[in-house]
Amino acid sequence: MFYRSLFTNAFTACALFSGGIALADSFNISNDDPSAYSLTNSLGNPLNAGNAVLGAFNRNTWSYDVTSRQWNLQGNSYAQDQLKYSDLMSMQNNFTSTLTNIPEEQNGSVTDGSFNLSGDYSSYTPTSPVYLMVTGQDGETAFFVFKNASSDSLLNYDNIKISGNEPFDLWLTTKEQALINDLDYYTECILGNINLENNTIQLLIPEPATTTMSLLGLAALMVRRKRK
C-alpha cells in the first residue's frame with residue numbers, strides 16, 4: 001500500500017537525497033494500491049503467473065533511449081512495433097537482476113495483476129537506467145523505467161548510493177498520482193500498452209507466438225476431424 005511508502009518518504013525526507021544521489025541499500029517495488037497501474041496479459045485479463053524483476057541489461061546488448069523512444073541494439077534502433085519475437089527473447093535473456101536476498105513472500109510473482117518485490121541492491125551498473133521487467137506466459141513482456149516526479153529526470157543506477165540503512169520505494173504509478181501521494185518517482189512504460197481509462201498496462205506478446213498458437217489450434221482441429 002502507499003501508506004508504507006508515504007511513511008518511509010516522510011521518515012527519510014532529509015536523508016533520501018544528497019547532491020542528487022539517492023541513498024538506498026534495499027528496494028521495495030509494488031503496484032498493490034488501487035491508484036497504481038494494474039498489469040494485464042495480452043488478452044486484457046489480469047496477469048497471473050507473471051514475474052517482476054528489477055535489473056539492468058548486460059553490457060553491449062539492449063538499451064532504451066527515452067528521448068527518441070527507441071530500443072537500441074549494437075547500433076540498430078527499433079520502435080516498439082518493430083520488435084520481433086527474437087528481440088523480446090533476447091531482451092529477457094540479456095536482463096540481469098540487481099537484487100539479492102529477495103524474500104519469498106515478496107519475490108515479484110504477479111497474481112491478479114499485482115506484485116510485490118523487495119531485495120537488497122547488489123550490483124552497481126554505471127549509467128544504466130533502473131529497469132523493471134515483467135514477464136508473463138508465451139513470451140509476454142513489459143518494461144518500465146522510473147522518473148523523478150519533480151524534474152522528470154531518469155532514475156539511473158549511478159544516482160543510487162548504498163547507505164546501509166534506507167529502503168528505496170518505487171511504485172507503478174502515473175506522475176499525477178505520484179505528486180498527489182507525495183512520491184519521489186513515477187513510472188514510464190517503455191514496452192507495453194497503456195490503458196489510462198482503466199489504469200492498466202498490457203504486456204506484449206510476440207507475433208510468432210500468436211501464430212504458433214493459431215497453428216497448434218488448427219492442427220488440433222484437423223486431428224479431431226480425422227478421428228470423426
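This is a predicted model: local features need pLDDT of at least 70, side-chain atom pairs count only at pLDDT 80 or more; totals for chains, interfaces and linings use all residues.

**The whole chain**

Now colour by burial. Of the 228 residues of the chain, 45% count as buried. The protein chain exposes about 11800 Å², and carbon and sulfur atoms supply 49% of that area. Among contacts in the chain with a separation of 6 or more, 75% are between residues 24 or more positions apart.

Select residues 62-65, which form β6, and 76-78, which form β8. Together they make an open sheet in the order β6-β7-β8, with antiparallel pairing. β6 and β8 stand at the edges with a single partner strand each, so one side of each has no neighbour in the sheet. Neighbouring strands here are turned by 30° against each other on average, direction ignored.

To find one of the bridge pairs, select L73 and its partner in β8, N76. In general, the strands of a sheet pair through backbone hydrogen bonds.

**The nonpolar cores**

Next, show side chains for I29, L39, L54 and L132. In the largest nonpolar core, which has 29 residues, these four touch the most other members. The elements giving two or more residues to this core are β3 (26-30), β5, β12 (116-121), β13 (131-135), β14 (141-148), β16 (167-171) and β17.

Stay on L132 and list its contacts. Leaving out residues up to four places away in sequence, its partners include I29, A52, V53, L54, F115 and L117. On the list too are A142, F143, F144, F146 and L172.

Then select W62, Y64, F95 and L191. They are among the 18 residues of a second, separate core.

Most residues other than glycine have a negative phi. The last two stops have positive values.

Select A49, in the loop between β4 (38-40) and β5 (50-57). Its phi is near 55°, although A49 is not a glycine. Is A49 buried or exposed? With 55% relative accessibility, A49 counts as exposed.

Finish at D182, in the loop between α3 (175-180) and β17 (185-191). D182 is not a glycine either, and has a positive phi of about 60°. D182 is exposed, with a relative accessible area of 57%.

Technical notes: Residues are numbered from 1 along each chain as its sequence is written. Side-chain values use heavy atoms; hydrogens and water are left out. Two strands pair if DSSP finds at least two bridges between them. Helices (H or I, at least four residues) and strands (E, at least two) are DSSP runs, numbered from the N terminus. Axes are lines fitted to C-alpha atoms, for helices over the stretch in contact, and angles run from 0 to 180 degrees between N-to-C directions. Buried means under 20% relative accessible area, exposed over 50%, partly exposed in between (1.4 Å probe, protein chains only). A nonpolar core is a set of buried Ala, Val, Leu, Ile, Met, Phe, Trp, Tyr and Cys residues joined through side-chain atoms within 4.5 Å. Contact means heavy atoms within 4.5 Å. Accessible areas come from the Shrake-Rupley method with a 1.4 Å probe; for residues, only the protein chains shown count as cover.
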